Amino acid sequence: MNVIDNVREMAAAGLHSNVRILSSLLLTMSNNNPELLSPAQKYQLLVYHADSIFHDKEYRNAACKYSMALQQKKVLSKTSKVRTSTGGAASNIQAQSLPSEIEVKYKIAECYTILKLDKDAIAVLDGIPSRQRTPKINMMLANLYRKAGQERSAVTSYKEVLRQCPLALDAIIGLLSLSVKGAEVASMTMDVIQSIPNLDWLSVWIKAYAFIHAGDNQRAINTICSLEKKSLLRDNVDLLVSLADVHFRAGDTKNAILKFEQAQMLDPYLIKGMDVYGYLMAREGHLEDVEVLGGRLFNISDQHAEPWVISGCHSFYSKRYSRALYLGAKAIQLNSNSVQALLLKGAALRNMGRVQEAIIHFREAMRLAPCRLDCYEGLIDCYLASNGIREAMGMANNIYKTLGANAQTLTILATVCLEDPVTQEKAKTLLDKALAQRPDYTKAVVKKAELLSREQKYEEGIALLRNALANQSDCVLHRMLGDFLVAVNDYQEAMDQYSIALSLDPNDQKSLEGMQKMEKEESPTDATVELDGDDMEGSGEDGDLEGSDSEAAQWADQEQWFGMQ
């Protein structure tokens with residue numbers, strides 16, 4: 001056994017730090033005396049050395065060392081035979097055991113993807129002839145092509161993965177996300193379904209994800225439920241997370257949270273989808289639960305985007321927008337394809353008045369998730385904030401035409417119409433259609449109530465809100481009902497509604513303001529005392545605001561550190 005065999009054995013045993021030290025010494029000796037190692041031995045040593053550096057997460061250095069190994073392989077290829085110290089028979093064995101040149105190129109591409117040098121990674125993998133590409137090379141290429149917007153090339157690579165590995169389910173999802181028809185994808189798996197027992201569920205699974213990527217949320221929910229009810233797939237965490245996500249996309253917050261909680265109970269270490277769950281919990285005002293969730297996920301892994309997004313949502317709904325911006329940027333740094341991170345950063349930028357920067361992030365989120373309506377809503381909010389009603393109307397009409405007339409698209413279009421007095425009546429018609437489809441759709445109820453408030457139709461608004469609250473409890477709906485009750489002088493019940501709203505979301509400032517306003521109107525004498533108290537509190541709040549400005553400056557420094565625009 002020679003020294004290279006020893007290095008190989010240590011590498012196989014996972015003794016990476018030992019390999020790194022020994023290979024470094026041997027390579028230095030070889031550089032000083034080229035006769036010590038044959039070209040084949042030097043190639044092997046360079047690859048093992050690069051592997052050990054890769055294991056230490058020094059990806060730029062590893063890519064450089066892998067490239068040096070490839071240069072050495074070219075030298076080796078030019079020699080007529082492999083030179084070794086033990087003779088010809090051994091040389092043939094050694095030649096067969098040499099590290100694969102294709103594998104080395106894959107490792108270089110892997111380094112580049114981690115370093116976010118996607119173009120360089122594509123260039124390396126493109127240099128591998130098609131017939132020599134392994135499934136993992138085609139999968140990496142497909143993902144890189146999709147990220148770069150080269151959809152046709154991505155489809156070709158995903159199909160090649162499926163040709164070699166028909167049960168590569170992530171490749172199936174990749175094809176469906178690129179608008180390849182479900183029937184075509186299913187046909188590529190038909191042979192394996194028929195030849196392997198207990199795979200009859202796969203065609204239904206493909207159908208479910210085809211509906212998801214086509215934006216047909218209700219049919220996706222029905223199909224996943226039919227799968228989930230089957231005894232063999234009951235309580236599958238991936239299916240539950242997908243079901244929760246589709247409920248969320250359909251605007252059904254209650255069922256989305258329920259399914260996320262069910263998945264989390266089955267797998268306490270679950271990370272996938274928890275960013276959406278955290279966002280929903282924060283939006284519902286459960287900030288303490290969000291803080292606990294974020295801390296728990298950080299203990300599981302801080303190398304995923306999800307815990308950073310959850311902490312960012314906590315900051316955002318605590319009105320600490322600068323910190324939310326930093327946390328969103330950190331999440332994007334870990335996963336540039338995190339839609340929730342892009343939405344968080346976009347929302348923080350919008351609320352900080354940096355609307356044009358926010359638009360860039362919402363557009364990127366739309367590109368990655370063209371069937372998620374919250375991406376479009378964020379962009380429309382930016383347009384409306386910058387008085388771009390024409391752009392907002394164009395976007396809303398496009399959503400309506402592309403995704404069809406459902407409660408969500410009707411409400412989005414109505415929201416824009418409400419901004420222009422000329423289209424008020426159209427907004428009313430659209431909201432009536434949305435509520436006819438889904439009487440419990442909170443966003444449609446809120447917009448209809450706003451319209452009725454403008455028209456001073458308070459009794460009608462009270463009836464609408466009571467009907468909506470009969471089957472759900474929502475902070476905004478309770479607060480709006482309180483506002484309507486104040487308008488008709490029903491102060492006692494209005495106070496009850498504000499109290500319920502605050503119990504659901506203690507940070508709801510509008511409910512607190514409504515309650516305080518009522519208290520002052522009911523008791524003028526006490527109002528004077530409260531005013532003095534408010535003045536005292538105000539002085540304390542000034543101190544808090546100063547601290548907030550200091551914190552904002554701190555996070556602004558962090559933004560510069562992370563290269564945020």
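Visitor: What is the basis of the numbering and of the values?

Guide: Residues are numbered from 1 along each chain as its sequence is written, and side-chain values use heavy atoms, with hydrogens and water left out. Because this is a predicted model, local features need pLDDT of at least 70 and side-chain atom pairs count only at pLDDT 80 or more, whereas totals for chains, interfaces and linings use all residues.

Visitor: How many helices and strands does the protein chain have, and what makes a stretch a helix?

Guide: The protein chain has 32 helices and zero strands. Helices are DSSP runs of H or I with at least four residues, strands are runs of E with at least two, and both are numbered from the N terminus.

Visitor: Why is helix 17 described as largely enclosed?

Guide: Helix 17 covers residues 274-283, and nine of its 10 residues are buried, so the rest of the structure largely encloses it. A residue is buried under 20% relative accessible area, exposed over 50% and partly exposed in between, with a 1.4 Å probe and protein chains only. The buried residues of helix 17 are Met274, Asp275, Val276, Tyr277, Gly278, Tyr279, Leu280, Met281 and Ala282. For the protein chain of 565 residues, 46% count as buried.

Visitor: Against which helices do the buried residues of helix 17 pack?

Guide: They pack against helix 15 (237-249), helix 16 (253-266), helix 18 (287-300), helix 19 and helix 21. Contact here means heavy atoms within 4.5 Å. Just after helix 17, Gly285 takes a positive phi of about 90°.

Visitor: Why are helix 17 and helix 19 called roughly parallel?

Guide: Their axes come within 8 Å and cross at roughly 10°. Angles under 35 degrees count as roughly parallel, over 145 as roughly antiparallel, 65 to 115 as roughly perpendicular and the rest as oblique. Helix 17 and helix 19 are therefore roughly parallel to each other. The axes are lines fitted to C-alpha atoms, for helices over the stretch in contact, and the angles run from 0 to 180 degrees between N-to-C directions.

Visitor: Which residues make the contact between helix 17 and helix 19, and how do they divide by class?

Guide: Helix 17 contributes Met274, Asp275, Gly278, Tyr279, Ala282 and Arg283, and helix 19 contributes Glu306, Val309, Ile310, Cys313 and Tyr317. These residues divide into seven nonpolar, one polar and three charged. Ala, Val, Leu, Ile, Met, Phe, Trp, Tyr, Cys and Pro count as nonpolar, Asp, Glu, Lys and Arg as charged, and the others, Gly among them, as polar.

Visitor: What makes helix 19 roughly parallel to helix 21?

Guide: The axes of helix 19 (residues 305-317) and helix 21 (residues 339-351) come within 10 Å and cross at roughly 25°. That angle makes helix 19 roughly parallel to helix 21.

Visitor: Is the crossing of helix 19 and helix 21 left-handed or right-handed?

Guide: The crossing of helix 19 and helix 21 is left-handed, whereas that of helix 17 and helix 19 is right-handed. A crossing is left-handed if the near helix is turned anticlockwise from the far one by less than a right angle, and right-handed if clockwise.

Visitor: Which residues of helix 19 and helix 21 meet?

Guide: Val309, Gly312, Cys313 and Phe316 in helix 19 meet Gln340, Ala341, Leu344, Ala347, Ala348, Arg350 and Asn351 in helix 21. By class, this contact has seven nonpolar, three polar and one charged residues.

Visitor: Why is Glu377 called buried?

Guide: Glu377, found in helix 23 (residues 373-385), has 18% relative accessibility and therefore counts as buried. Leaving aside neighbours within four places in sequence, Glu377 is in contact with Ile412 and Lys443.

Visitor: Is Tyr383 buried or exposed?

Guide: Tyr383, also placed in helix 23, counts as buried because its relative accessibility is 10%. Not counting residues up to four places away in sequence, Tyr383 touches Ile359, Arg363, Gly388, Ile389, Glu391, Ala392 and Met395.

Visitor: Why do Asp235 and Gln456 fall under separate accessibility terms?

Guide: At 38% relative accessibility, Asp235 counts as partly exposed, whereas Gln456, at 58%, counts as exposed. Asp235 lies in the loop between helix 14 (217-228) and helix 15, and Gln456 lies in the loop between helix 27 (442-454) and helix 28 (458-469). Neither is a glycine, yet phi is positive, at about 65° for Asp235 and about 60° for Gln456.
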